[in-house]
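Subject: Structure handover

Hello,

I am passing a structure on to you. Please look it over before reading the notes under it.

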Amino acid sequence: MRRGHALLPLDENGENTDGEVWLYRYSENPDDPNEEPELGYIDDDDEFEKVEEAFDEYLDSVQFDELI
């Protein structure tokens, strides 16, 4: 199974002060659920746009939920 994954880089104090987020490809082996998942670079523009859009939608839903 492949999907996008967002990582929030932290500084030496465990904080993210610049708001930067890294988007990666996330893969699991469906034949071995105990195998470590893999992260990889998203080098396809169309795939990156889909992951970016899904992440933006997630952020919008979280912000909306916080307002309610």
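The notes below cover how to read the model, then its salt bridges, its surface patches and one loop.

This is a predicted model, in which local features need pLDDT of at least 70 and side-chain atom pairs count only at pLDDT 80 or more, while totals for chains, interfaces and linings use all residues. Residues are numbered from 1 along each chain as its sequence is written, and side-chain values use heavy atoms, with hydrogens and water left out.

Salt bridges

Searching the whole structure gives two salt bridges (a side-chain nitrogen of Lys or Arg within 4 Å of a carboxyl oxygen of Asp or Glu). One joins the side chains of R25 and E47, at 2.6 Å from N to O. R25 sits in strand β2 and E47 in helix α1, 22 residues apart, and the pair links these distant parts of the chain. Helices (H or I, at least four residues) and strands (E, at least two) are DSSP runs, numbered from the N terminus.

The other joins D43 and R25, at 3.9 Å from N to O. D43 lies in the loop between β3 (38-40) and α1 (45-67) and R25 in strand β2, so this pair ties together parts that are 18 residues apart in sequence. Through shared partners, R25, D43 and E47 form one network.

Both R25 and E47 are buried, R25 at 17% relative accessibility, whereas D43 is exposed at 68%. Here buried means under 20% relative accessible area, exposed over 50%, and partly exposed in between (1.4 Å probe, protein chains only).

Surface patches

Patches are made of residues with over 30% relative accessible area and no salt bridge; like charges are joined within 9 Å, and nonpolar side chains (Val, Leu, Ile, Met, Phe, Trp, Tyr) within 5 Å. D44, D45, D46, E49, E52, E53, D56, E57 and D60 form a negative patch (Asp and Glu count as negative, Lys and Arg as positive; His and the chain ends are not counted; a charge is placed at NZ of Lys, CZ of Arg, CG of Asp or CD of Glu). Among them, E57 is in helix α1 and is partly exposed at 49%.

A nonpolar patch consists of L8, L10 and V21, with about 260 Å² of accessible area together (Shrake-Rupley method, 1.4 Å probe; for residues, only the protein chains shown count as cover).

The loop between β1 and β2

L10 is found in the loop between β1 (2-7) and β2 (22-27) and is exposed at 52%. D18 is also placed in the loop between β1 and β2, exposed at 55%. A polar atom of the D18 side chain lies 3.0 Å from the backbone nitrogen of E20.

Regards

Note on methods
Polar contact = N/O pair within 3.5 Å; in protein donor to acceptor, adjacent residues only side chain to side chain.
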